[in-house]
Amino acid sequence: MVKYWLYINLNPLKTSRSENSATEEAKRSKLRSSHREAVWGERFFGEFNQSAIISYCKGLAMFTRFRRKRLNPVLRDLVKETTITPNDFIYPLFIRSGEGIKNEVASMPGVFQMSIDEAIKECDSLKALGLNSVILFGIPDIKDSVGSDAMCEHGIIATALRELKAAHPEMFIVTDLCFCEYTDHGHCGVLNPKLQTVDNDITLKNLAKQAIVHAKAGADMIAPSGMMDGMITAIREGLDSAGFSHIPIMSYSTKFASAYYGPFRDVAESSPSFGDRRSYQMDPANRREAVLESLADEEEGADILMVKPALAYLDIVREIRDASNLPLAVYNVSGEYSMLKMAAKAGVIDYEKVMMETLLGFKRAGADIIITYHAKEAAALL
Ligand code: PBG
Ligand code: ZN
């Protein structure tokens, strides 16, 4: 065993020993730097091995007292690194035609399909809670192969936008831009029959049309969610050419093919009638590609980036936060919401605490904006 001659008198700690190799010097300097305070004012001679010196120093309470800053609640708040406010939230609304309709979705307690008049009332209660931003999803009366309702000025979203904006001009209204709720096959664009998947470039043209319809009807921000390549370029060009260069695009830039969207497809009635979305949404296994996807959308001119889902992808949130200086949103998706709701129903979690801890986790990971079905409940607690 290596023996040290330890002389503790001054700060920093001095050790001396018979050998004088570089490694021994390195060990000594490590000891000095980690136990400097402990030996302040001590005087001690003797022969020790290294672990004895370390336990000696520990005996002098040579560890960090993190708990000092946790004792007083005011100080706890002063040193808090991350906070959530109602300004961080965008609340999703599902709109369908009709009047006086407010249907709760079985798989998502507290989430409703609403007719426009009910959505207008809902905005009153949102404002009362300090929530000023919503994202709209539409459930059309008629679905077809291209999703015509989404590109029509009298479609469900265009109509809802005009009426909501008339009733609540100061509400910031984002629209989800996709076709899966509007197509009879439930995929996110026009199908290419040969490839049996969404035809990327034809869908780009339709996305630009849909964006212009939304902007004309009063949308404040467009949020394309279909994961088509080049969608930001196409939508930006469309908006700019129609006089909407001031309308920002929040891209669902890194969106994974996730089973967490299950309950959403019940509300939005948007399940694909065949196959799945793995030929356009991302493989959950891919971290490097996740960064590339968002950076490509930044290059194309996206104003805000997004990671979706949120909970199982916080590493991706951090990665993109560090790779880009754009604002970053997360979508706290339907399955994430339902899991908490069902766990609360089963009595196995303290719902409110778990919800707040989850939302805080998104911000700590690097999100600026949280799209969440919890927004009302969270805002009520803040
Ligand atoms: C439409 C869209 C989906 C979600 C948001 N926009 C579903 C999907 O991609 O299948 C999911 C939202 C949620 O699960 O809460 N493309
Ligand atoms: Zn879609």
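Mentor: A residue counts as near a molecule or strand if its C-beta atom, placed from the backbone, lies within 6 Å of it. By that criterion, the residues around ligand 1 are D176, C178, C180, C188, S225, G226, Y261, F264, R265, S270, V333 and S334. This shell divides into six nonpolar, four polar and two charged residues (Ala, Val, Leu, Ile, Met, Phe, Trp, Tyr, Cys and Pro count as nonpolar, Asp, Glu, Lys and Arg as charged, and the others, Gly among them, as polar). The model is predicted: local features need pLDDT of at least 70 and side-chain atom pairs count only at pLDDT 80 or more, while totals for chains, interfaces and linings use all residues. Residues are numbered from 1 along each chain as its sequence is written, and chains are lettered from A and ligands numbered from 1 in the order in which they are written.

The protein has 13 helices and 15 strands (DSSP runs numbered from the N terminus, helices being H or I of at least four residues and strands E of at least two). Of its 382 residues, 42% are buried (20 or more other C-beta atoms within 10 Å of a residue's own; exposed means 12 or fewer, partly exposed in between, with C-beta atoms placed from the backbone).

Helix 9 (288-300) has 13 residues and reaches 19 Å from its first C-alpha to its last, close to the 18 Å expected at 1.5 Å a residue (1.5 Å times one less than the number of residues). Its buried residues are A290, E293, S294 and D297. Seen down the axis of helix 9, they fall within an arc of 90°, so they line one face (the arc is that of the directions from the helix axis to the C-beta atoms). The face turned away carries the exposed residues R288, E289 and E299. The buried residues of helix 9 pack against helix 7 (231-241), strand 12, strand 13 and helix 10 (contact requires C-beta atoms, placed from the backbone, within 7 Å). Just after helix 9, G301 takes a positive phi of about 110°.

In helix 10 (residues 314-323), I316, V317, E319 and I320 are buried. They fall within an arc of 165° seen down the axis of helix 10, so here too they line one face. Exposed D315 and D322 lie on the face turned away from that buried side. The cover over the buried residues of helix 10 includes helix 9, strand 12 (254-255), strand 13 (305-308), strand 14 (328-332) and helix 12 (351-365).

Definitions and conventions
Two residues are in contact if their C-beta atoms, placed from the backbone, lie within 7 Å.
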